[in-house]
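Good morning, and thank you for the time.

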Amino acid sequence: MPTRTRAILFLCCALTANAVAFAASDELERWDAKRKASNAAYTAHNYAEAERLGREALALAGSGDNARAVASANELGLILSAEAKYNEAIGHFQHALVIEERSEYVQKDPNYPALCSNFAVALAAVGRTKEAEKQFRRAIEIWQSGDNVAHPRYAAALMNYALL
């Protein structure tokens with residue numbers, strides 16, 4: 001292959017790689033902005049707006065097994081729980097857990113026990129206490145094994161577990 005042709009191919013490949021990286025960066029920024037706006041609406045108790053934005057963030061997170069999908073599904077589950085849409089929330093928590101449990105870093109993820117606890121609260125709200133107990137126990141065991149007993153969510157999990 002002539003040198004000039006190789007140079008042109010290299011340049012095309014470099015431009016394509018830069019375009020893909022830029023698109024991924026732009027996509028990440030849009031996801032992060034939607035997620036932050038959803039969390040702000042949730043904090044302000046504007047749950048309808050938080051839900052709308054949370055659904056958009058989940059769509060931007062992509063369909064793959066990634067941390068964005070886990071975070072978005074968990075946050076949407078929390079919003080739906082606040083709206084007493086527990087069965088739908090359970091579906092989002094389950095989706096996040098499936099992705100997390102396929103990850104080799106699941107036991108090291110500091111958000112994993114909180115996700116288990118959030119899932120347990122939704123399960124308990126619809127009367128699925130045996131499943132809720134299992135999730136609370138999982139969350140509590142992870143927090144205890146990682147010296148995270150001072151974590152405020154650990155205390156909340158213990159309290160919610162006691163109320164089952």
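I begin with a pair of helices and the residues at their contact. On the α6 side the residues are Glu-133, Phe-136, Arg-137, Ile-140, Trp-143 and Gln-144, and they meet Arg-153, Tyr-154, Ala-157, Leu-158, Asn-160 and Tyr-161 of α7. By class, this contact of α6 with α7 comprises 7 nonpolar, 2 polar and 3 charged residues. Please keep in mind throughout that this is a predicted model.

As to geometry, two packed helices are described by the angle between their axes and the distance between the axes. For α6, residues 129-145, and α7, residues 152-162, the angle is about 145 degrees and the axes lie 10 Å apart. The crossing of α6 past α7 is left-handed.

The next pair is α3 with α4. Helix α4 covers residues 86-102, and it packs against α3 at an angle of about 160 degrees, with the axes 8 Å apart. Because of that angle, α3 is roughly antiparallel to α4. Here too the crossing, of α3 past α4, is left-handed. From α3 the contact takes Ala-69, Val-70, Ala-73, Asn-74, Leu-76, Gly-77, Leu-78, Leu-80 and Ser-81, and from α4 it takes Tyr-86, Glu-88, Ala-89, His-92, Phe-93, His-95, Ala-96, Ile-99 and Glu-100. The contact of α3 with α4 contains 11 nonpolar, 5 polar and 2 charged residues.

Helix α4 also packs against α5. The axes of α4 and α5 come within 9 Å and cross at roughly 150 degrees. It follows that α4 is roughly antiparallel to α5. The crossing of α4 past α5 is again left-handed. Among the residues of this contact are Tyr-86, Phe-93, Ala-96 and Glu-100 of α4, together with Leu-115, Cys-116, Asn-118 and Phe-119 of α5. The classes in the contact of α4 with α5 are 12 nonpolar, 2 polar and 2 charged.

I turn now to the empty space. Rolling a probe the size of a water molecule over the atoms shows where empty space is left.

How much space lies in the largest pocket? The volume there is about 310 Å³. Its lining has 17 residues, of which Arg-35, Ala-71, Asn-74, Glu-75 and Asn-111 are the closest to the centre. Helices α1 (3-43), α3 (67-82) and α5 (112-125) each contribute at least two residues to this lining. The largest share, 7 residues, belongs to α3. Sorted by class, the lining of the largest pocket holds 9 nonpolar, 3 polar and 5 charged residues.

The second largest pocket has about 230 Å³ of space. It is lined by 13 residues, and those closest to its centre are Leu-78, Ser-117, Asn-118, Val-121 and Asn-160. Helices α3, α5 and α7 each supply at least two of the lining residues. This lining of the second largest pocket divides into 8 nonpolar, 4 polar and 1 charged.

Asn-74 is in the contact of α3 with α4 and is among the residues closest to the centre of the largest pocket. Asn-160 is in the contact of α6 with α7 and is among those closest to the centre of the second largest pocket.

With a threshold of 30 Å³ or more, the count comes to 1 cavity. The volume of the largest cavity is about 40 Å³. Which residues line this largest cavity? They are Arg-35, Ser-38, Gly-54, Ala-57, Leu-58, Ser-72, Glu-75, Leu-76 and Ile-79. At least two residues of that lining come from each of α1, α2 (47-61) and α3. The most, 4 residues, are given by α3. In terms of class, the cavity lining has 4 nonpolar, 3 polar and 2 charged residues.

To close, I would draw attention to Arg-35 and Glu-75. Both are among the residues closest to the centre of the largest pocket, and both line the largest cavity. I am glad to take comments.

Terms used: Residues are numbered from 1 along each chain as its sequence is written. This is a predicted model: local features need pLDDT of at least 70, side-chain atom pairs count only at pLDDT 80 or more; totals for chains, interfaces and linings use all residues. Side-chain values use heavy atoms; hydrogens and water are left out. Axes are lines fitted to C-alpha atoms, for helices over the stretch in contact, and angles run from 0 to 180 degrees between N-to-C directions. A crossing is left-handed if the near helix is turned anticlockwise from the far one by less than a right angle, and right-handed if clockwise. Contact means heavy atoms within 4.5 Å. Ala, Val, Leu, Ile, Met, Phe, Trp, Tyr, Cys and Pro count as nonpolar, Asp, Glu, Lys and Arg as charged, and the others, Gly among them, as polar. On a 1 Å grid over the protein atoms alone, a cavity is a set of points where a 1.4 Å probe fits but cannot get out, and a pocket is an open set with protein on both sides within 12 Å along at least five of seven lines; lining residues have an atom within 4 Å of a point. Grid points are joined across faces, edges and corners, and a volume is the space filled by probe spheres set on the points. Angles under 35 degrees count as roughly parallel, over 145 as roughly antiparallel, 65 to 115 as roughly perpendicular and the rest as oblique.
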